[in-house]
Amino acid sequence: MRKIQEIEESQPEGNNEWEGPASSSYYPVDPLQVMSTDSNPNSNVSEDCSKATESSHFLPCHYFDYMAGTSTGGLISIMLGRLRMNVDDCIEEYRTLGKEVFGRSRLFHLRSIPPFWFPREKYNYKNLEGVIQGLIDRRIPKIGGFPGGKTFAFDENRCRVVVVAFQEKPERDSEPQQPYLFRTYKNLKTAPNSMVRNPGPAHDIPILEVARATSAAPAYFKEVTIDHRKYLDGGFGANNPCLEIFREVRSLNNYNNTCLGSVISIGTGKNNESRMTSENGFKQTLSMGLAKFIHYENFARKWASESEGTHRNMLDHHISPEQSFEYARLNVEEGLACMKLDEWKCRGPMRIALGRCVGWARFKMSQRKASKLPGNDHNEKGRALDDDNASQSVHSASSHPKDDATQRPHRNALNQYVPRCLEPRIKTLDTIRTQTEKYLDNPERQAELLKMAKYLVENRRARVKADSVRWRKACYGTWFQCQVQGCQRGQQEYPDEKAMSSHLRNKHAVLFADDADHRKLEKMVGAFRVTVH
């Protein structure tokens, strides 16, 4: 996600020299109309927008026609593409996921060393489901069954999302086991030898099921069953889904060689597969059971170096005379080779609690010193006589929060007093951030980022010029919902003003007894409009 953020910052639309600046990626649509995902008609959209960060006005889903991901990349694709989140919010949600899921492993599990081995996954899948469901509930409108609600299928005018999982076939099934594509859109291409994965309609199933399917790494999380088929982590079949989405887009465009404009592949860092396999092979054999281990190891070996192999394959397509598209791959080359799939190293709760106690003590000492500065009035106990004046003098002298014996300062204000060795810290994220920034700081890579960012901005603006109506639909959705008290169809959606007006006249005619109420009808129809991004 840090790499996506770097692309955004390389060429912000606010510095667009050839067509003038834009304050958001919604341009020319007003983002104030679309920042709130709360469908409550009484909500204050302007107030919600004022709380939004600047980055929330720039959404990656506005710059890409397709997003695809596997495993952790599948979760990120859902957040950025399907839930239409900005990068900052996505990073924050991922921190929560890591803490609540990978920070709570079971004591006895499949990957434990004997005699602590126990036949169950390392993590409770219910924790993962709880975090993902909470994210979904916060990021979509609060009404049931609205167009593009909690199901994965979505409006095809918007960014199309593909999430890759690995589908286990029943033993009696003669078809080979292979990657499976979950789509927010339909792909009905069924021509012979078309190499299209599981063609069919958009997957009208809960987003949660898709997220679970792509992240169900064996021995870490229990597999998920959808329509009587089991699904595992997509990394077993397409660790790098770039070639899958390349074939997918070409199939949707009748294999036109000029249908692709640019492809950006983002990796999770190069791993030392040979070292990881030699060190963990015996342990995995013991922990997972020989038969199960052999079953998964066959696929793990096949796809161990698939990411870079796919990259080389994409390079061949990129330089092919028949093809014409930009291609770039961002993948941290050093520093992440030894990182485990579920690594989550952070300081323990006791150490953090000790840091807060020390910070509180240092805060109180600084307040006492500040209260003794010349110009402050004190009583015999050294406490300021006038609380308001005392707080003002303390603030001006030391820029510290108000000294209140009955109320602790805000945690952010207290953090500056916590010793560095006791500060809350997630070492895994610090390592990823440090190595990614080091990788991106390369001058040649910065030039490549600038080139990609310029192309994406130009492409977005070209889409606006080509079809402004469709662009408006790509930015946000609008429909109507009856909110007359007691209406039995209050949860039903109406696509336009005409349908909403017809419902009000037919079912609530008493409110519009004569033609004089025409303006009242128009006003009510407008009040019943629901808009989400």
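## Finding Ser71

Helices and strands here are DSSP runs, numbered from the N terminus. With that in hand, let's look at this predicted model. Ser71 sits in the loop that links strand 1 (66–70) to helix 3 (72–82). Is Ser71 buried or exposed? Buried means under 20% relative accessible area, and Ser71 has a relative accessibility of 17%, so it counts as buried.

## The annotated pair

The UniProt record, an unreviewed entry, puts its "active site" label on Ser71 and Asp233. These residues span 163 residues in sequence, yet no two of their C-alpha atoms are more than 5.7 Å apart, so they gather at one spot. Their side chains are joined by a polar contact of 2.9 Å.

Asp233 belongs to strand 5 (residues 229–233), and it is buried too, with a relative accessible area of 6%. Setting aside neighbours within four places in sequence, Ser71 touches Val164, Thr214 and Asp233.

## Two strands side by side

Strand 6 (residues 262–266) pairs with strand 7 in the parallel sense, over 5 bridges. Ile264 stands opposite Ala328 of strand 7. Why is strand 7 (residues 326–330) called largely enclosed by the rest of the structure? Because 4 of its 5 residues are buried.

Buried residues in helix 16 include Leu449, Met452, Leu456 and Arg460.

Note on methods. Residues are numbered from 1 along each chain as its sequence is written. This is a predicted model: local features need pLDDT of at least 70, side-chain atom pairs count only at pLDDT 80 or more; totals for chains, interfaces and linings use all residues. Side-chain values use heavy atoms; hydrogens and water are left out. Buried means under 20% relative accessible area, exposed over 50%, partly exposed in between (1.4 Å probe, protein chains only). Two strands pair if DSSP finds at least two bridges between them. UniProt positions are given in the numbering used here, feature names are shortened, and annotations may be inferred rather than shown by experiment. Contact means heavy atoms within 4.5 Å. A polar contact is a pair of N or O atoms within 3.5 Å; within protein, one must be able to donate a hydrogen and the other to accept it, and residues adjacent in sequence count only if both atoms are side-chain atoms.
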